[in-house]
Amino acid sequence: MIEVTNYRDNPLIDPHLEIWEWQISVYLFLGGLVAGLMILNGLWRIRDREHETKAITNSAVLWAPVLISLGMFCLWLDLVNKLNVYRFYMTFQIKSPMSWGSWILFLVYPAQILAVAVAKGSDVFGGVLKGLNPLLQILKSITNGREKQIAWLNVVLGVMLGIYTGILLSATAARPLWNTALLGPLFLVSGLSTATAWNMLSRPTKIEHSSLAKWDFSLIITEMFLLLLILIGFLSGTEGHQSAGMLLLGGGFTAVFWIFVIILGLLFPLWLELREMRGHSTPAWVAPALVLLGGLALRFVMVQAGQVSHLPDTELLFGAVGH
Amino acid sequence: MTNGINRRQFIRLAGFGAAGAGLAYSGLNPWGLSAHADLTHTGSGVREIPTFCELCFWKCGVIAKVKDGRIIKLEGHPGHPLSNGRLCPRGNGGTGLTYDKDRLRQPLIRAKKRGEDVFREVTWDDALDHIAEKMIYIRDEWSADCFALFNHGYGATFIKHLIKAYGSHSIAAPSYAQCRGPREVGFDLTFGEEVLSPERTDIVNTRMLVLIGSHLGENMHNTQVQEFADAISNGAKLVVVDPRHSVAAGKADWYLPIKPATDIALLLAWMNVIINEDLYDKEYVDKYTVGFEQLVQHVKSYSPEKVWTITGIKPELIRRTAREMGHQKPAVLIHPGRHVTWYGDDTQRSRAIAILNALLGSWGRKGGFFYPGELDVPKPETPPYPKPSFDRVDLQIKNYPLAYNTLASGLCDATFPAPQTNCQLKAWFVYGTNLVHSLPKPQQTMEAMQHLKFLVVSDVLPMEIVGWADVVLPDATYLERYDDLHVGRFREPFVALRQPVIEPMYDTRPPWWVAKELAKRLNLDSYFPWDNIEQYLDNRLATVGLKLSDLKRDGVKVFPRQPLYFEDGIQPEFFTNSGKIELYSSSLAAHGYDPIPVYTEHGEPPQGYYRLLFGRAPVHTFGRTTNNPVLNRVIDSNEVWVNRRVAEEWSLENGGDVILKNQDGVESSPVRIKVTERIRSDCVYMVHGFGHKAKRLTNKKGANDSDLITRYNTDPIMGGTGMNVNFVTFVT
Amino acid sequence: MARYGMVIDTHRCVGCHSCVISCFMENSVPEGYKRDWIVEVVSGEFPNFRSEIRSERCNHCDNPPCVFVCPCGASYVEEGTGTVLVHNEKCTGCKACIAACPYDARFINPAGFADKCTFCDHRVKDGLLPGCATTCPTKAINFGDLDQPGSHLHKLMHDRSVKSLKPSAGTGPNVYYLL
């Protein structure tokens, strides 16, 4: 037997961390989604599919600045000293993923706005956004003829943003569940998948929808493959990684992970998309809605379970490292 | 035993010439960082004022840091022999008492029926006039001896003086019959001297320390624990005998998880081995002891094999530890313990401990028991106290021939009407002790209080006992007042000053003032021949060539070390009947008690019940501190330790709550369960002092073990109340 | 240049919490929080146990992940002492440092910044020992400069088995425990 009595009992620290709540999960989810939107939009434009995929290139990308602003708002809500938020932009800390993230977020805005200008083509804003049209005209004059460069800029920044949402967590050796190099790629792929789903909900044509479904099908397969690799990595890793893996495989987060992330978020939409590819008719919104839900659930599970995971207390218990 | 200067002579020689020896506060340590700033340092508006602590009764030197009239920190006094610059957790959190928002703020007089805890606020004059009137009434109507004082702590000094001047000698502290009394009687019967407080145990120099139920480390008497750590670093062997794997047990070379109530058998078995294998200190035993032959005969029947069946300790472990004692003698310390009122034969157990120490030659030897330094600091002359009108009131219901001090439990008993008494107590003055928690059978204490004509309680906090009072006096805390000088006896004798580091908060007053004011009203002024306390202290200090101003600055004056052991000049003198160390006690034989300790059984817990053991947490001094908001940031509740298998049997979950019920059907408040391997399966353990119920105390968490102590075994020799005889089960 | 550290003797420590309570007072630690704390570990089967008591705190690591992750430069290593400190006024309370610390030594001070043990830098600057080391009744807590060869810390570590906490985290802790 081993009995450990820790008298620390600090709020939000003990018995395990509870420092990050829904704000961070939502922020990571939205960051991934926006990264996906930027990449998809860029790639489609680079491949010049403008005419067959209006949703991706046109309507969805308009959401990117809105969604990322919402995400950053969530991040801001999480800050204890909200008035000090400007401090993020008074410095650049090269070793700090969060500092990188702050500056990436700073840079994605202009790229997204340029992408919006490109996406608007010859259109102008209507309704409440009418007032923006003069600005739009100026932007269009900049973007005119530089569509591909802007697309590339969005792809590169999108990849950075998507991977960053994972590295923010994975650069934390203290929390084994986060401490896997595959978390960045996982969040990137998940972001792409949720962005695809977002596009599928943006009233695409039937052709667009089935092409997006195919694309999403491969993303889901990739995501599952990455999750499998991550779990294998945990189970074959150190004691800390093993117990982190066990949080999802028998521990406290097992049910929510398997039901919301794996079954509802991955397997079920995968099956629906397979049916769609085989020509069966399914309600078009179900699969993408589940993918979005699954993406959000993934961030919730990872953020919460990661705060429970810790390096083993018993590591080298009584054992000397030197004499 | 080189050149035998007579010890008493030596003390007289050594005491005074040393006033010039300055204090070395700290100096720089090798890497240039010092533990303490210069005492006179007054930078940043912080004043550093020396005084001594009262969070327990060890009286460590303290440096209070005061800024803008508020105490910001307490540190150990580097020149004080009991603190050596360090403080225990309680001492560190002493401000929690002074700044406790629950403090009594103003004198109160009872407004409804006694015990209903309803009061009206009055002035000090009203309160003191009322008390004086009642004191005169009780003396005139019955006798001054019918007015009892229960007290605990150094603040009581002048109150005790007042009560004696008034004519009562019914004065008791629960620290005797409920705590360390049997130890003092047991050692006095053996060596003719007591163990005293602070204990005269030479832990720092010992080669082998044997703790029997003593949980040093959880029991945080500062100097003692400092030395305990030194002993461990010095490689002293450590034996811990305890049904519970205590902190000390975790450091032991040998941990003996003894069956509760069988310690005497183990001690006799150790003697058996030590005698059979010729491991005792022959020269010492021949020279200084009487009764060795009787002891040899007596312990013959306590073979390790037989004692194994009693204690559960394997014979080879008994032999191995006994041999180690023989090997390490005389620097072996069988620690006498402190709270020793367990089973009612505690004087005999303490005797057994004393005898074992004597066999190993540790009394008066380095690494055993030293002779504490002596110092006489006379008090101002006052008239003699009036002669008592009765024999001791506490012994009227039942006589305990060797109860040297007054029994608090005996005074409580004498409060009930009984035909055989000629003085039923009519009034109590209770200073600084929450009798409802500190005496066993709280129900009986509450009934006793209903018989009183008058009850005064002086305390800092609205403890349970306060709710029963007719008059409540709000005491100034130790950080707000002067008290009498502390003339300390440790390795070096010393004089320490308690002085106010801030003005008393609210309408509180120090006890010296209360005593003097009452004396005025009782026409006892001649007993208080001084205008104010500073004058008193200055006069008293003058007798040893000191000034109050010196002590206000330095806090303590340490006098030179006197011989500590026989080997450096202490004349072996034993103030027993025979003038020798009595392995066989002639006193006990004369009174019809076992002259050599005998193991007796104390009953097993009934099926499904477990013996209730209690002890201490390092950050608390029983119920006195369990409301302290600073200390409660670390430990604010107790838990009941339950053996893992027992917990499984009862489906008790670690961290869950359970109600305990004792053999008489009394139930505790819910208490958190600690499921652990670290306790035997025949007992449970909890820290004493939690589970307050007084309505004006903030912290009521945990369970009160005193509620469950509805029975005790009285020590027939000195009247101690053995309280580890209650059994509890779980209410599920 | 110094590298301040502690060598804590688990044999001497009795887990009395003096270090914790003196720290409350010395550093006005907010109610409910601790900058240092006691951990008691007991293993084995009745009655053969091994036990270890530790006074824990920020390890003032050589490779402090809390400093690396800080996006605002609020967490920093003090030049010349190696002490890991926080510029309270620069902290946004993003909590990345809390997540990054394998020892869970940090917490959010209700005043709005990440807080933790400072090795009592304010005392050390005045030539005093940290509060916990000053008061420790068992002298279990030894503080000094680990870069000073032949110092009392080195002597302690030379004579005894020693370990630091969670060395696999790669943080290079400067608090050592004597076993």
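Biologist: Before we start, what should I know about the numbering and the model?

Modeller: Residues are numbered from 1 along each chain as its sequence is written, while chains are lettered from A and ligands numbered from 1 in the order in which they are written. This is a predicted model in which local features need pLDDT of at least 70 and side-chain atom pairs count only at pLDDT 80 or more, whereas totals for chains, interfaces and linings use all residues, and side-chain values use heavy atoms, with hydrogens and water left out.

Biologist: OK, in what order do the four strands of the open sheet in chain C come?

Modeller: The order is β8-β1-β10-β9, with mixed pairing; strands are DSSP runs of E with at least two residues, helices are runs of H or I with at least four, and both are numbered from the N terminus. Two strands pair if DSSP finds at least two bridges between them.

Biologist: And which strands are at the edges?

Modeller: Those are β8 (141–145) and β9 (162–163) of chain C, each of which pairs on one side only. β9(C) is joined by two bridges to the antiparallel strand β10 (residues 175–178) of chain C, where C:Tyr177 is the bridge partner of C:Lys163.

Biologist: Switching topic, how much area do chain C and chain A bury between them?

Modeller: They bury about 4400 Å², 57% of it on carbon and sulfur atoms, where buried area is the accessible area (1.4 Å probe) that two parts lose on being put together, summed over both. The contact (heavy atoms within 4.5 Å) takes 56 residues from chain C and 46 residues from chain A.

Biologist: How many salt bridges are there across that interface?

Modeller: The rule finds three, a salt bridge being a side-chain nitrogen of Lys or Arg within 4 Å of a carboxyl oxygen of Asp or Glu. One salt bridge pairs A:Arg175 with C:Asp104, with the closest N and O atoms 2.7 Å apart.

Biologist: Which element of chain C gives the most to the side that touches chain A?

Modeller: That is β2(C), with nine residues. Five bridges also join β2(C) to strand β1 (residues 2–6) of chain A, and the two run antiparallel; within this pairing, A:Thr5 stands opposite C:Glu40.

Biologist: Last one: what is the pairing in the open sheet of chain B?

Modeller: The pairing is parallel, and the four strands follow the order β10-β9-β8-β12. The edge strands there are β10 (254–256) and β12 (332–334) of chain B. Three bridges link β12(B) with strand β8 (residues 208–212) of chain B, and B:Val210 has B:Ile334 as its bridge partner.
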